[in-house]
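Here is a short note to read beside the model. Please keep the structure open while going through the points.

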Amino acid sequence: MSEDLLKNKIDLLKLPEHIATIMDGNGRWAKSQGHLRVFGHKKGVKSVREITEACAELGVPYLTLYAFSTENWQRPKLEVNALMSLLVDTIGNEMRTLQENNIKLNAIGDLSRLPNKTRKALLNGIEKTQSNDRMTLTLALNYSSRWEITMAMKKIAERVKTGEIMPENIDEEIIQQHLETSGLPDPELMIRTSGELRISNYLLWQLAYAELYFTDVLWPDFRKVHLYEAILDFQNRERRFGKTGDQVSNKT
Ligand code: IPE
Ligand code: IPE
Ligand code: MG
């Protein structure tokens with residue numbers, strides 16, 4: 001089906017409020033074309049632009065992209081360095097698009113371990129777009145969910161120690177407030193490209209009730225049409241949140 005036909009089928013009143021994606025398959029895409037893995041990462045930037053633009057156009061207010069995991073430091077140095085400088089270039093090149101589209105840049109993860117240049121570019125982008133309010137684009141960078149949850153536990157423990165929080169008052173709300181994603185709604189739709197059927201340490205707490213969507217399309221090939229397919233799939237699902245099907249369709 002064509003891009004426009006698919007887009008028109010989307011119910012704009014039932015959009016996911018927050019889409020999170022695991023952008024995967026860059027390396028395999030490059031290899032299949034006889035190129036180095038880094039070439040795939042470069043090509044993936046166009047997919048980021050398309051998906052960001054498509055979400056903004058539709059009116060999805062939150063988009064979160066997994067760009068670099070804590071585990072990704074284990075990759076060859078050459079690839080890690082290339083990814084870090086690609087980030088600097090991309091943030092620089094995309095600033096205009098972010099401003100024109102009124103998109104706010106945000107980041108989650110341990111930014112302190114990023115190379116200075118990368119961190120500076122990122123913080124500069126975040127600062128310059130802080131008053132934009134059409135959509136929040138969050139990059140998960142040097143992010144892993146277990147790291148995030150561990151940090152939240154530490155922060156809460158500190159506040160218990162100072163008497164600010166009583167242990168019996170710790171609830172889901174308090175835990176949420178100490179996560180990197182505090183202030184963001186939980187993702188309702190999680191898309192992973194490249195056919196891998198796993199979460200890879202991504203937003204474990206936040207994805208508790210997300211609809212998961214897996215596609216074989218490799219990230220550098222991921223286009224608006226693929227996003228529309230994922231959203232339509234999401235809209236055709238019955239989200240029960242523990243209730244019965246009859247309860248959610250108001251048959252009882
Ligand atoms: C995703 O593509 C990008 C990052 C993890 C940074 P990969 O680089 O994981 O590509 P594959 O999975 O090896 O094909
Ligand atoms: C997950 O992809 C991390 C990012 C997309 C940034 P990976 O390619 O690193 O995940 P695994 O190793 O296949 O689980
Ligand atoms: Mg991968």
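The points below cover conventions, the ligand site and one residue away from the topic of the ligand.

1. This is a predicted model, where local features need pLDDT of at least 70, side-chain atom pairs count only at pLDDT 80 or more, and totals for chains, interfaces and linings use all residues. Residues are numbered from 1 along each chain, chains are lettered from A and ligands numbered from 1 as written, and side-chain values use heavy atoms, without hydrogens and water.

2. Start with ligand 1. It is surrounded by 13 residues, each with a heavy atom within 4 Å of the ligand. D24, G27, R28, R37 and R75 are the closest. The shell holds three nonpolar, five polar and five charged residues. Here Ala, Val, Leu, Ile, Met, Phe, Trp, Tyr, Cys and Pro are nonpolar, Asp, Glu, Lys and Arg are charged, and the others, Gly among them, are polar.

3. Next, the oxygen atoms of ligand 1. One lies 2.8 Å from a side-chain N or O atom of D24. Polar backbone atoms also come in: one of N26 is 3.1 Å from a ligand oxygen, and one of G25 is 3.3 Å from a ligand oxygen. The protein covers 87% of the 380 Å² of accessible area that ligand 1 has on its own (Shrake-Rupley method, 1.4 Å probe).

4. Which elements give two or more residues to the shell? They are α2 (26–32), α3 (37–58) and α4 (77–100). α2 gives the most, with three residues. Helices are DSSP runs of H or I, at least four residues, numbered from the N terminus.

5. Last, N250. This residue is in the segment after α9 (245–248). N250 is exposed, because its relative accessible area is 67% and exposed means over 50%. N250 and L86 are 164 residues apart in sequence and 50 Å apart in space, C-alpha to C-alpha.

Technical notes. Buried < 20%, exposed > 50% of the residue type's maximum accessible area, 1.4 Å probe, protein only. Polar contact = N/O pair within 3.5 Å; in protein donor to acceptor, adjacent residues only side chain to side chain.
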